[in-house]
Amino acid sequence: MHEMSIAESLMDQIIDIAETNHMESVAEVELETGHLRQVIPEVMREAFLAVTQGTIADGAKLIINEVEPLAACRQCRREFTPQIDDFLCPQCRQADVDILKGDEIILKSVVGN
Ligand SMILES: [Zn+2]
């Protein structure tokens, strides 16, 4: 379950942001999770609950926005939506791509009091 290690590293960022902004508590955290990272929202929520317990973000609402992946073929520059296990360009059938979106987890916002 890699959600737990993701939640732990997010927690470090959240605490940093909360301290920098002199928040007393964190009310809401918004995440963007790339589809290729295969984060399961329910598991992510459980992991988030576990790592926030007793911290400044205890009880914070977690919003998860899943981002559709986008790849660009390096051969013909066509942009397309790849599958987890299929990165073949639909135009030239090469599997030589740049991942433009969907391969990262971004902390979009931290709302506090
Ligand atoms: Zn191509």
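1. Strands E3 and E5 (residues 97-101) pair antiparallel over four bridges. Pairing here requires at least two DSSP bridges between two strands. Helices (H or I, at least four residues) and strands (E, at least two) are DSSP runs, numbered from the N terminus. Leu-70 has Lys-101 as its bridge partner in E5.

2. A word on the source. This is a predicted model: local features need pLDDT of at least 70, side-chain atom pairs count only at pLDDT 80 or more, and totals for chains, interfaces and linings use all residues. Residues are numbered from 1 along each chain as its sequence is written.

3. E3 also pairs with strand E4 (residues 79-80), again in the antiparallel sense, over two bridges. Ala-72 has Glu-79 as its bridge partner in E4. The hairpin of E3 and E4 has five residues between the strands, and Arg-77 there takes a positive phi near 65°.

4. Which residues of E3 (residues 70-73) are buried? Ala-71 and Cys-73 are, and they point to one face. Buried means 20 or more other C-beta atoms within 10 Å of the residue's own; exposed means 12 or fewer; partly exposed lies in between; C-beta atoms are placed from the backbone. In a regular strand, side chains alternate between the two faces of the sheet.

5. An open sheet of three strands runs in the order E2-E1-E6, with mixed pairing. Its edge strands are E2 (61-67) and E6 (105-112), each pairing on one side only. Neighbouring strands are turned by 15° against each other on average, direction ignored. E1 (residues 26-34) and E6 run antiparallel, joined by seven bridges. Thr-33 has Ile-105 as its bridge partner in E6.

6. Helix H1 (residues 3-20) lies across E1 and E6, at about 40° to E6. Axes are lines fitted to C-alpha atoms, for helices over the stretch in contact, and angles run from 0 to 180 degrees between N-to-C directions. Contact means C-beta atoms, placed from the backbone, within 7 Å.

7. Glu-3, Ile-6, Ala-7, Leu-10, Ile-14 and Ala-18 of H1 are buried. They cover an arc of only 100° around the axis, so they sit on the same side of H1. The arc is that of the directions from the helix axis to the C-beta atoms. The buried residues of H1 pack against E1, helix H2 (41-52) and E6. On the other side of H1, exposed residues include Ser-5, Glu-8 and Asp-12.

8. Just after H1, His-22 takes a positive phi of about 50°.

Notes:
Contact = placed C-beta atoms within 7 Å.
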